[in-house]
Amino acid sequence: MNSSDAASPLGEPLSEKELCPDNLLAGQEAAFARDIARLHQRIGEFVEARCPACSGTSSAPAFEKFGFAFRNCAACATIFMSPRPSPAVMADYYANSENYAYWAKYIFPASEASRREKIHKPWLERVIGYCDRFGIQRGTLLEVGPGFGTFAEVATQSGAFSKVIAVEPTPEMAAACRARGVQVIEKRIEEVSKEVSPVDVLVSFEVIEHLFDPSRFAAQCATLVRPGGLLVLSCPNGLGFDIALLGPKALAVDAEHVNLFNPDSLSRLLEHAGFDVLEASTPGRLDAELVRDAALKGEIDFAANPFLKKVLLDDWDRLGWPFQQFLAANRLSSHMWVAARRRGG
């Protein structure tokens, strides 16, 4: 593995309030609470799981949240939910999620401009940078799990790739992508084969942490990426700053994120699936703000840690963003990217 610790520039500072405006937060939280209640009604159908990164069977309790148990793999430090919803329970959850419907109706439209400029355009620049740096052809780009299609639209409009295709099984989301002019295959990734030739670049943002069986997903990605082609994944880093300090109170820990990989464990999973990892980085921009917000709400006390008190509270305006940049540059952020090359090219 040729993994680099150096993160690319983070771009502009980003605030959680830009992604979910305060006036919409109460409605989102209420919708999510109803989703959690539905999950608990089927908790008898949850199943025990091995480590999703290394298949290890030795693990210790990490914490609980929303009444669900998370464990810590002794071999690779991946945090994972076990027992976890069965594939059938997961499918029902996402198909009928009130939280997702609320985001679609209210939050995404309200935050669209900020997401496009501060998230999706920088994401595209990062993917293009990987291609240019590692000699990857910019032919066909396939996005798995595009949601409402903002990144795929930005990539399509940019002309940076000769073709952009999205794989999205949810009818409402697939329709939203088509409305943006994005070519969509309305299937689950495991069902896609003849519809696409081996692609040059496959990207999947904030998806793998939700999956019942990430190893199957990684194996399918290997069948869709041409030898020598590029796979780019983003997801939470279970060893990142805000998760390390806040534990179950961290926003990245929730009922949907059943897999909390770290740079080493996700790299291990991808290498087993037939990829060589080129870079694992943590270009997150929200860790410091999230921990600061928790302190302001009284959820964490810095009385015994004057350093964090100074950085995150007393001198926030001067030190907050430089501290976030330090976290990102040293693989300490809770937002992770991994770029990997398909073997055989």
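**Exercise 1. Work out which residues glutamine 28 touches, leaving aside residues up to four places away in sequence, and whether glutamine 28 is buried or exposed.**

Let's take this one in steps; keep in mind that the model is predicted.

- Step 1: look for the contacts. Glutamine 28 touches Asn99, Tyr102, Trp103 and Ile107, once residues up to four places away in sequence are set aside.
- Step 2: Glutamine 28 sits in helix α2.
- Step 3: check the accessibility. Buried means under 20% relative accessible area. Glutamine 28 has 12% relative accessibility, so it counts as buried.

**Exercise 2. Find the buried residues Val89, Met90 and Tyr93 in helix α3, and say how they are arranged around its axis.**

- Step 1: go to residues 87-95, which form helix α3; Val89, Met90 and Tyr93 are buried there.
- Step 2: look down the axis of α3. The buried residues fall within an arc of 100 degrees, so they line one face of the helix.
- Step 3: ask what covers them. The cover of the buried residues of α3 includes α2 (22-41). That's the helix that holds glutamine 28.

**Exercise 3. Sort out the open sheet of four strands: what is its order, and which are its edge strands?**

- Step 1: write down the order. It goes β1-β2-β3-β9, with antiparallel pairing.
- Step 2: pick out the edges. β1 (59-65) and β9 (259-260) each pair on one side only, and these are the edge strands.
- Step 3: zoom in on one pair. Strand β2 (residues 68-73) and strand β3 (residues 79-81) run antiparallel and are joined by three bridges. Phenylalanine 70 stands opposite methionine 81 in β3.

**Exercise 4. Explain why strand β10 is described as largely enclosed, then find its partner.**

- Step 1: count the buried residues. In β10 (residues 275-281), six of the seven residues are buried, so the strand is largely enclosed by the rest of the structure.
- Step 2: find the partner. β10 pairs with strand β11 (residues 335-342) in the antiparallel sense, over six bridges.
- Step 3: Phenylalanine 275 stands opposite arginine 342 in β11.

**Exercise 5. Describe the second largest pocket: its space, and the residues that line it.**

- Step 1: the space. This pocket holds about 270 Å³.
- Step 2: the lining. There are 16 lining residues, and the closest to the pocket's centre are Cys51, Pro52, Ser55, Asp213 and Ser215.
- Step 3: the helices. α7 (214-224) and α9 (263-272) each supply at least two lining residues, and α9 gives the largest share, three residues.
- Step 4: The lining divides into eight nonpolar, three polar and five charged residues.

Key: Residues are numbered from 1 along each chain as its sequence is written. This is a predicted model: local features need pLDDT of at least 70, side-chain atom pairs count only at pLDDT 80 or more; totals for chains, interfaces and linings use all residues. Side-chain values use heavy atoms; hydrogens and water are left out. Buried means under 20% relative accessible area, exposed over 50%, partly exposed in between (1.4 Å probe, protein chains only). Two strands pair if DSSP finds at least two bridges between them. The arc is that of the directions from the helix axis to the C-beta atoms. Contact means heavy atoms within 4.5 Å. On a 1 Å grid over the protein atoms alone, a cavity is a set of points where a 1.4 Å probe fits but cannot get out, and a pocket is an open set with protein on both sides within 12 Å along at least five of seven lines; lining residues have an atom within 4 Å of a point. Grid points are joined across faces, edges and corners, and a volume is the space filled by probe spheres set on the points. Ala, Val, Leu, Ile, Met, Phe, Trp, Tyr, Cys and Pro count as nonpolar, Asp, Glu, Lys and Arg as charged, and the others, Gly among them, as polar.
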